[in-house]
Amino acid sequence: MPNLSISYSEPIKFVRGEGAWLIDDRGRAYLDCFNNVCHLGHAHPDIVEAICTQSARLNTNTRYLHDAVVTYAERLTATLPEGLSVASFACSGSEANSLALRMARTMTGSNDALVLDWAYHGTTQELIDLSPYKYKRKGGKGKPAHVFEAAIPDSYRAPLDWPVEEYALRFAESIGEQIETMRKQGRAPAFFIAESIPSVAGQVILPEGYLREVYRMVRAVGGLCIADEVQVGFGRVGSHWWAFEMQGVVPDIVTMGKPIGNGHPMSALVTTREIADRFNNGMEYFNTFGGNPVSCAAGLAVLDVIERDRLRDNAAAIGAYLVARFRAMQQRYEVIGDVRGQGLFLGIELVNNRKTKEPATAFARKVNEGAKVRGVLIGTEGPQDNVLKMRPPMVFSRADADHLIEVLEDTFAMVSAEGA
Ligand SMILES: Cc1ncc(COP(=O)(O)O)c(C=O)c1O
């Protein structure tokens, strides 16, 4: 298919991976600071062994009983707050989000959605419809009538006259306005869906208290709250298993994907007993591959390794170290407008002018390419594509972090000298 772009002006062909490193077809090693699917590092031996062992024994589907699916559901739900106790399994983040829509629509009888600007929630048409990042850009047909879009709660770009301690409430006003617009049309949201750290929007850390306020508003008009943890879940934020926990809220539905199987294609949705019971209306949800024993073995091994190797602690420590080093760079490079991150979910926003915050998109692209030339893979993100995005694997070491910094230092120096 021609409708997929490939990373970098000179594409890379990888043939092997190990830990945080990827090796190309010429034997060159690259430090992978971008791919958050291989959560525990590439070709992790425990996950490879779990998949091989189960594949060699049996792979079936959830129409038959199997201990692995039950054990995995119990282990997964144990990482979540009480009440989020029923798991369903699918094969991709999109499938998990589509299932969430079915549940929310069954619960509320409404089709109407409340989303954040510049969000991305998946590949199917019904999810493109909830993804401003897609429907507003090339090939998009604009916002559908059943979708209502609130402002990105981006603290760095908050109006200057807002007091910091009011950011949460002020940004939540945009949600209130959308709910009011819906009300005037005789509508109410079936659900509010958001990533717990909006990523495509530029690694936006939500202001403290934001989700608490938004969930309160949405629930007051009968909507469900869905946390899309497809990118940020599974301990990446270090301090917690799930990024929504940083906001002190409990969603009605949590969707998970990417890192869940360390590269094995699988996904999950966890919800409450009440929602699961109401969804049990006879139509059924059967997913041919979802929750098969091999996927469950992979998922279990991922949870085991995160716990055994204390990888959340590692994410917290290395993430804090990287943020401190990025902030030190910010002192020296005027182009670094903002440094943000939680655990190993990190962003550096580049601007041509710290006062006007004019996006330094060309500079960001040059840094991205320059880092690749030096053997380090990062990405760019955000509505203006001016945020350097990093999501290294949970096994990222202090030496890996130092290597990333060294390469960024070199690249920033080169791009600054050349002029973007
Ligand atoms: C936040 C978020 N939700 C959902 C998805 C869809 O996941 P998948 O590509 O596995 O269908 C993605 C994929 O990039 C994502 O980033």
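User: Which residues are closest to the ligand, and how many surround it?

Analyst: The ligand is surrounded by 13 residues, and the closest are Ser92, Gly93, Ser94, Gly122 and Val230, where a residue is near a molecule if its C-beta atom, placed from the backbone, lies within 6 Å of it. Please keep in mind that this is a predicted model, in which local features need pLDDT of at least 70 and side-chain atom pairs count only at pLDDT 80 or more, while totals for chains, interfaces and linings use all residues. Residues are numbered from 1 along each chain as its sequence is written.

User: Which helix gives the largest share of that shell?

Analyst: Helix α3, residues 93–108, contributes the largest share, three residues; helices here are DSSP runs of H or I with at least four residues, strands are runs of E with at least two, and both are numbered from the N terminus.

User: And what about the whole chain, how many helices and strands does it have?

Analyst: The protein chain has 12 helices and 15 strands. Its radius of gyration is 21 Å, close to the 22 Å that the globule rule gives for 420 residues, so the chain is as compact as a globular protein of that length; the radius is taken over C-alpha atoms, and the rule is 2.2 Å times the number of residues to the power 0.38. Along the principal axes, the C-alpha atoms fill a box of roughly 65 × 60 × 40 Å.

User: New topic: where is Pro189, and why does it count as buried?

Analyst: Pro189 is in the loop between α6 (167–184) and β7 (191–195). It counts as buried because it has 29 C-beta neighbours inside 10 Å, and the cut-offs are 20 or more other C-beta atoms within 10 Å for buried, 12 or fewer for exposed and partly exposed in between, with C-beta atoms placed from the backbone.

User: How far apart are Pro189 and Gly223?

Analyst: They are 34 residues apart in sequence and 5.3 Å apart in space, C-alpha to C-alpha.

User: Last one: which residues of α9 are buried, and what covers them?

Analyst: The buried residues of α9 include Pro293, Val294, Cys296 and Ile306, and what covers the buried residues of this helix includes α1 (45–57), α2 (67–78), β4 (86–90) and α10 (311–332). Just after α9, Arg310 takes a positive phi of about 50°.

Notes
Two residues are in contact if their C-beta atoms, placed from the backbone, lie within 7 Å.
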